[in-house]
Amino acid sequence: MANVILESARGLQPVCIEDELLRHRQIFLDDQVDGVSCGSLIKQLMVLENDDSSKEITLYINSPGGSVQDGLALYDALMLMKSPIRTVCTGTCASMGAIIFLAGKKREMMRHGRIMIHDPAFGGRHDMGGKKPHEIQAELDDLNRCRESLASIIAERTGKDIKEIYEVTANDTYYSPEEAVKFGLATGIIRKKGGL
């Protein structure tokens with residue numbers, strides 16, 4: 001992990017960059033959405049909430065997405081925070097990365113960021129061989145419940161009708177910052193120096 005050198009009463013000291021950013025209430029999701037990344041972020045959120053629940057927390061996101069269940073755990077934690085949450089798309093917020101981005105009250109994008117939303121898929125579970133029809137149906141039912149949950153989140157956060165959400169999530173749909181603001185996914189675009 002990279003360090004920065006900071007001057008303190010004890011002289012110059014190396015400090016982990018992540019620790020210094022956490023001290024300034026800035027946290028990062030810059031990888032797959034999974035149990036490890038989401039668990040780590042939930043712990044950081046709890047520390048910041050206990051420190052001062054009145055101060056804003058900024059979550060920077062550049063993620064290809066990943067596990068729906070782990071992502072929803074993080075989304076729920078963000079929505080339950082008393083601290084104001086600001087999310088910033090620094091590259092691509094795709095799939096579950098986009099859902100987590102939507103948890104911010106302020107949702108801002110860098111000029112060259114992009115958001116991608118789509119319906120959930122089976123993911124790595126491609127083996128349908130040997131499954132009975134009722135087992136396949138149970139998996140399809142679960143996938144449809146997941147689709148409804150994610151579409152409901154997108155509709156609620158954008159103010160769009162659920163039918164419109166189902167239309168755009170039927171395929172991978174990408175949004176530039178301007179398109180994301182127009183659709184209601186983002187609330188602003190960071191254009192000025194010092195905007196982070």
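Trainee: Leaving aside neighbours within four places in sequence, which residues is Ser-83 in contact with?
Mentor: Ser-83 is in contact with Arg-25, Glu-49, Asp-52, Ser-53, Lys-55 and Ile-57. Contact means heavy atoms within 4.5 Å. Before we go on: this is a predicted model, where local features need pLDDT of at least 70, side-chain atom pairs count only at pLDDT 80 or more, and totals for chains, interfaces and linings use all residues. Residues are numbered from 1 along each chain as its sequence is written, and side-chain values use heavy atoms, with hydrogens and water left out.

Trainee: Where is the place of Ser-83?
Mentor: In the loop between helix H3 (68-80) and strand S5 (85-94). Helices (H or I, at least four residues) and strands (E, at least two) are DSSP runs, numbered from the N terminus.

Trainee: Is Ser-83 buried or exposed?
Mentor: Buried, because its relative accessible area is 2%. The cut-offs are under 20% for buried and over 50% for exposed, with partly exposed in between (1.4 Å probe, protein chains only).

Trainee: What does the side chain of Ser-83 make a polar contact with?
Mentor: The side chain of Glu-49, at 2.8 Å. A polar contact is a pair of N or O atoms within 3.5 Å; within protein, one must be able to donate a hydrogen and the other to accept it, and residues adjacent in sequence count only if both atoms are side-chain atoms.

Trainee: And Lys-55, where is that found?
Mentor: In the loop between H2 and S4. Lys-55 is partly exposed, because its relative accessible area is 46%. Beyond four places in sequence, Lys-55 touches Arg-25, Ser-83 and Pro-84.

Trainee: New topic. How do strands S3 and S4 run?
Mentor: Parallel, with four bridges joining S3 (residues 26-29) to S4 (residues 57-63). Strands pair if DSSP finds at least two bridges between them. From S3 the chain crosses through helix H2 (residues 35-51) to S4, in a right-handed β-α-β crossover. Right-handed means that, with the strands pointing away from the viewer, the path from the first strand over the helix to the second runs clockwise.

Trainee: Which residue in S4 does Leu-29 stand opposite?
Mentor: Ile-61.
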